[in-house]
Amino acid sequence: MEIRKLRSNETPPMDLLLLADPSRKMIEEYLTSGHCYVAIMEKVMMGVYVTTETNPETVEIANIAVMYGKQGRGIGKKLVKHAINNARTRGFTKIEIGTGNSSIGQLALYQKCGFRIVGILKDFFTKNYPEKIIENGIVCRDMIRLEMDLRAVK
């Protein structure tokens, strides 16, 4: 599997990005200022992540997704690790990510990769998304914020 930056002549894989964020508007906003990376296997985009700079020292993984049928095979973990290494190489000292309170698998993955929970944005999803999001039988209301100090982890 190859993970590389999306080329300027390529269209972002909106079908994949929408798996992680149901708001096309929000995706389009962070794509304009962010960096999009894709995981390609056998000429097919299997996964994607987008990072945005939140300040000169911090980058955020704004979106990360793996296509249905390919989840649970370690692709997501490889994407997270790539994002961490990429952020470190680009000189950032901190990397952040946020996910829904109902995203149980994602919360486990991010913590296994070294992220620590640092806060909760109460009612983020109910205030910012017009449609109710239900995942794992749980209403997604709050955003769980996680971060990693890139100076402390090698």
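Q: What makes S6 and S9 a pair of strands, and in which sense do they pair?
A: In this predicted model, S6 and S9 share five bridges in the antiparallel sense, and two strands pair if DSSP finds at least two bridges between them, so the two count as paired. Strands here are DSSP runs (E, at least two residues; helices H or I, at least four), numbered from the N terminus. One of the bridges joins Leu-121 to its partner Met-143 in S9. Residues are numbered from 1 along each chain as its sequence is written, local features need pLDDT of at least 70, and side-chain atom pairs count only at pLDDT 80 or more. Totals for chains, interfaces and linings use all residues, while side-chain values use heavy atoms, with hydrogens and water left out.

Q: Why is one side of strand S1 and of strand S6 left without a neighbour in the sheet?
A: The open sheet of seven strands has the order S1-S2-S3-S4-S5-S9-S6, with mixed pairing. Strand S1 (2-5) and strand S6 (116-121) stand at its edges, each with a single partner strand, so one side of each has no neighbour in the sheet.

Q: What makes a set of residues a nonpolar core, and which members of the largest one touch the most others?
A: A nonpolar core is a set of buried Ala, Val, Leu, Ile, Met, Phe, Trp, Tyr and Cys residues joined through side-chain atoms within 4.5 Å, where buried means under 20% relative accessible area, exposed over 50% and partly exposed in between (1.4 Å probe, protein chains only). The largest core has 26 residues, of which Ile-64, Leu-79, Ile-84, Ile-95 and Phe-115 touch the most other members. Its largest share, six residues, comes from H3.
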